[in-house]
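Subject: Structure for you to look at

Hello,

Here is the structure I said I would pass on. My notes on what was found follow below it.

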Amino acid sequence: MKKRFKLEGLECANCAAKMERAINELDGVKEATVNFMTQKLVIEGEDEKMPTIIEEAEKVVKDIESHVIMKKA
Amino acid sequence: MKKRLWRIIIAALVFIVALLINNIEWLQIAMFVISYIIAGGDIVKRAVTNILRGKVFDENFLMSVATIGAFLIGEYPEGIAVMLFYQVGELFQSYAVDKSRRSIADAMDIRPDYANVKRGDEVIKIDPDEVQIGDIIVIKPGERVPLDGKVIEGNSMVDTSALTGESVPREVEVGHEILSGCININGVITAEVTKEYGESTVSKILDLVENASSKKSQSEQFITRFARYYTPIVVIIAVFLAIIPPLVIDGATFSDWIYRALAFLVVSCPCALVVSIPLSFFGGIGGASRKGILVKGSNYLEALAETEIIVFDKTGTLTKGVFNVQEVHPKGVSREELLELTAYAESYSNHPISSSLKQAYGKEIDNGRISDVEEISGHGVIATVDGKKVMAGNIKLMKKKNIAYFDGELIGTVVHVAVDNQYAGYIVIADEVKPDSAQAIMELKAANIKQTVMLTGDNKNVGSKVAKELGLDKVYAELLPADKVEKLEELFLQKSKKGKLAFVGDGINDAPVLARADIGIAMGGLGSDAAIEAADIVIMTDEPSKIATAIKISKKTLKIASQNTVFAIGIKIIVLILSAFGITTMWAAIFADVGVTIIAVLNAFRALNVKNL
């Protein structure tokens, strides 16, 4: 299953790369991409693990850039 | 963003005042500390929270260490200057990114806000989402066409530039199709809605732009990988630099070497590098979309510059895909008579040939004049027109009916006609080459494309005529849709390892080929949904010359990206070397670093400009 999110307030390109790397390492994630310019996060992951993946991803985002808001797109 | 700017200005003012009061030491230091807190308090705070979370090597931490370190060895002005410049660089970066995001959002601002729907005698404004197929909508001058439809009243000029990049307005009149997203310029048009909003052109394009795959270019992958290792390596070297020389070299002091190490930390942030690459590609993709070329990801824009072989589909791509009567050769009857009888005989068929005959004939067909229509599949048609028995069809039909026909070499689809069993001549119907096709091939060759190939299901005569006319290198004719993929596989073997193969088609019957090619380019994306789905690049207009434009944009973007990479890494390395030998100051280091950011970002902005390629 593929889920798309908007990362509002994403300003640092290096942080975007860090988020992408960290989310890709989460359990159940097949592929995650963060597009810095369009502020989009796309997560492809196992269906049943999706709720925890989203929760964990939100934490990752907050950890790296605390003012970024992850919204459903 | 304004708040941040004010903070920088206030911190700078306090800093200047502090520099001026050099006679009261305690006051000066107090002022320095105040200035520092205003300038970099948030960075230090973020650094501390990150350390508590176990994250050490982030830029907040490094900047804090560099500046606090400067304070500790008594270099107050240096510490503040580094923090100030760093903040200026960050501010500039977010300003640039914001501006770039906005300018592309503006270019793509084609979403209609409302539709004027006719309900009875009234015209009401409603959300385009709520309009249904068959509803009648009114579009006034200056308004955006909200849904795809067919004009039923009025005529006007419409501006399609938001969809196609074409600046010349298009004329529409009764019977024409209008596409959502265009702007009506002068007349009032009434149209019948043919597609729901979700299926209309404007939704399709927005969807494509907003949800383009996030596939990254190789240059971007390289730079993020580089950034990952760059920071820790610089920090480790800085630590060694601070500790080892004072212990090993005679006369070397800790304060001197710590200063050099701090200068190292100043340039340890890879942000300028990391931001400039996606910014360039984003600009390139945005610039292309202004020209009516939609690119689905940075990786495709990058691959385009490495194209070696371009394979074209013929019908609808290099040719108009519209069949027209090219030649009429009567025998024993007049030209008009031949055309009239043939048009009548074929009038019941829904084959494209029938409509091109009707179009060439140009008058209404009076059904009362035709009777006894018999279609012979794969041969043609036999019908009675005005009491005469008309046979119209291919050679097979003539042979079957034992009629002697003209047997020369003809290019195109030929309709032989016999009236009352007497040969009456033939009509040649052919597709026309697009006006810019030859120029497109020429421009592609000028852009170093090694091979241009055409694939067609049409017969050899037609295929080689078109290929010759356009100057294509190779042509494969009489192919079934499945053969096209096979031919593509053969062509794959002819390119170099790094080179890319692009396929250009109109999306009809060639979705598998579009998907198989390194880069699938769909032409005339305004028509076909399958094309938009399967292709990596969609050309909104019907012009093949846009492919050369896309390649030029790709090459320019890549050039900017590599300039930025080499420039930013180069300057950083020079500053590192100079700092290690104690030749430069922290001032110079931060100045160079922020300067690189600004120049790289400005350079990246050039990618958005596609006016003079």
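This is a predicted model. In chain B, helix α8 (residues 254–266) packs with helix α20 (residues 545–580), their axes 8 Å apart and at an angle of about 170 degrees. Since angles over 145 degrees count as roughly antiparallel, α8(B) is therefore roughly antiparallel to α20(B). On the α8(B) side the contact is made by R260(B), A263(B) and F264(B), and on the α20(B) side by L576(B), S579(B) and A580(B). By class, these are four nonpolar residues, one polar and one charged.

Next, the contact between the chains. Chain A puts in twelve residues and chain B 14 residues. On the side of chain A that touches chain B, the elements giving two or more residues are α1 (13–24), β2 (29–35) and β3 (40–45). Of these, α1(A) gives the most, with three residues. That side of chain A divides into six nonpolar, three polar and three charged residues.

Last, chain A by itself. Its secondary structure comes to two helices and four strands, in the order β-α-β-β-α-β along the sequence. The radius of gyration of chain A is 11 Å, close to the 11 Å that the globule rule gives for 73 residues, so chain A is as compact as a globular protein of that length. Along the principal axes, its C-alpha atoms fill a box of roughly 30 × 20 × 15 Å. Of the 73 residues of chain A, 42% count as buried. Among the contacts in chain A between residues at least 6 apart in sequence, 63% join residues at least 24 apart.

Regards

Technical notes: Residues numbered from 1 in each chain as written. Chains lettered and ligands numbered in written order. Predicted model: local features only at pLDDT ≥ 70, side-chain atom pairs only at ≥ 80, totals over all residues. Axes fitted to C-alpha atoms, helices over the stretch in contact; angles between N-to-C directions. Parallel < 35°, antiparallel > 145°, perpendicular 65-115°, else oblique. Contact = placed C-beta atoms within 7 Å. Nonpolar A, V, L, I, M, F, W, Y, C, P; charged D, E, K, R; others polar. Rg over C-alpha atoms; globule rule 2.2 N^0.38 Å. Buried ≥ 20, exposed ≤ 12 C-beta atoms within 10 Å, placed from the backbone.
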